[in-house]
Amino acid sequence: MMARHFPLSLHHGRALQSALLAVLCVAAGLLWTAPQAAAQTIIDMNTGQVRPKTADDYSQERGIKERQRADSLAYIDHVRRALNAMAADSLQEAESRLHQALKLRPDAPGNYLLKHHLGDIALAHNDWRQAVTLYTDVLAGHHDYLPSRYHRAVCYYELGSLTAAAEDCAAILRLNPSAEERTRLLFLRAAIQAKGHHPDLAMEDIEIILREDPENTAAALMKARLLDDMGQRQAALDLLTTFVAAHPEMAEGFTARAQLLDAMGRTEAAIDDYAAALRLTPDDAYLYRDRAALYLKMGQKAAARRDLDAAVKYGMPRAALHDMYRQTQR
């Protein structure tokens, strides 16, 4: 079975960060807004009578406003630092800053954006359930906020809640997403259908993407996988052979073909494709592991051990390869 792929970006560009800060500044009252006339009278809560404001009333009012402004400045500072931390992959700091901002201004109108980012951090940690909870909280007050709905659909997909994932996809389509967003959505919906053992329905969405964008490499690789799922292995192999000829710089094509060749029992040809993929991405631990599995199948234990050692060198925990190492010693 070939690996699945669908696009998902956690990080946002500088322009989006600046826009988010501007929105939050307005929400916190730190940018210019039209002046409002101050009330000159108040209702005395003891007597119920309307009376003119005294100097003490004005002083208390100024103190409240100063505290609110200080909280707002701290709120914006936490948000700015959180976004910078996310851009630097410092997710723990970003999460802490976002929580501090929410604690300072729990009723700020822009808090749904902070909760969305917390959902993204949970998603990055593969904490699908926590991410779903956060995105659902966002959508409760902002039903049409597309990023939260899309990312929630991704989480539902990972959790195997395919009906819920499909429902979120349908809701996004009703929002008239942009062409780029629609492509991402169709890709996700195809992945949902494939995971639900409906490759024919998944193929319909992939064909739409390829009609609109014939150069979409992710869709081409997905189509090959779906052909395999539909029992059309030779067609899948032909497609991948055409793909690697057109995109010799993409390790993904050689990897997909290696996996298919292995499934077809053509182990030596699969080894050659893994070698081609590794020439393009020589630090990919997973490729070394997968090629080691083929070497073990062929009885080439020394070669398998070299690949396992390379997988460890490039970051794969040795414990995760324990059983494979044992097979090299038999």
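Author: Let's begin with D205, which counts as buried at 5% relative accessibility; buried means under 20% relative accessible area, exposed means over 50%, and partly exposed is in between (1.4 Å probe, protein chains only). Before going on, please keep in mind that this is a predicted model, where local features need pLDDT of at least 70, side-chain atom pairs count only at pLDDT 80 or more, and totals for chains, interfaces and linings use all residues. Residues are numbered from 1 along each chain as its sequence is written, and side-chain values use heavy atoms, with hydrogens and water left out.

The side chain of D205 meets that of R189 in a salt bridge, at 2.8 Å from N to O. The term salt bridge stands for a side-chain nitrogen of Lys or Arg within 4 Å of a carboxyl oxygen of Asp or Glu. Side chains of opposite charge can pair when their charged atoms come close. Because D205 sits in helix α9 (residues 199-212) and R189 in helix α8 (residues 179-195), the pair ties together parts that are 16 residues apart in sequence. Helices here are DSSP runs of H or I with at least four residues, strands are runs of E with at least two, and both are numbered from the N terminus. R189 is partly exposed, with a relative accessible area of 25%.

Now for another pair, D273 and R257, whose side chains form a salt bridge of 2.6 Å, N to O. D273 belongs to helix α13 (residues 267-280) and R257 to helix α12, so this pair links distant parts of the chain, 16 residues apart. Both D273 and R257 are buried, and for R257 the relative accessible area is 16%. Helix α12 itself covers residues 251-263. Leaving aside neighbours within four places in sequence, R257 is in contact (heavy atoms within 4.5 Å) with L237, L240, T241, V244 and D273.

By the salt-bridge rule, the count comes to 15. Among them is R289 with D290, where the closest N and O atoms are 3.0 Å apart. R289 counts as partly exposed, at 27% relative accessibility. Elsewhere, D77, R80 and R81 are linked in a network of salt bridges.

What about the nonpolar side? A nonpolar core is a set of buried Ala, Val, Leu, Ile, Met, Phe, Trp, Tyr and Cys residues joined through side-chain atoms within 4.5 Å. The largest one has 88 residues, and L188, I206 and M222 touch the most other members. Helix α8 gives the largest share of this core, eight residues. Setting aside neighbours within four places in sequence, M222 is in contact with F187, A190, A191, A194 and I206.

Finally, a word on confidence. The mean pLDDT of the chain is 84, and 78% of its residues reach 70 or more; pLDDT is the predictor's confidence in each residue, from 0 to 100. Confidence is highest in helix α11 (residues 233-246), at a mean of 98, and lowest in strand β1 (residues 41-43), at 47. Where pLDDT is low, the predicted coordinates should not be read in detail.
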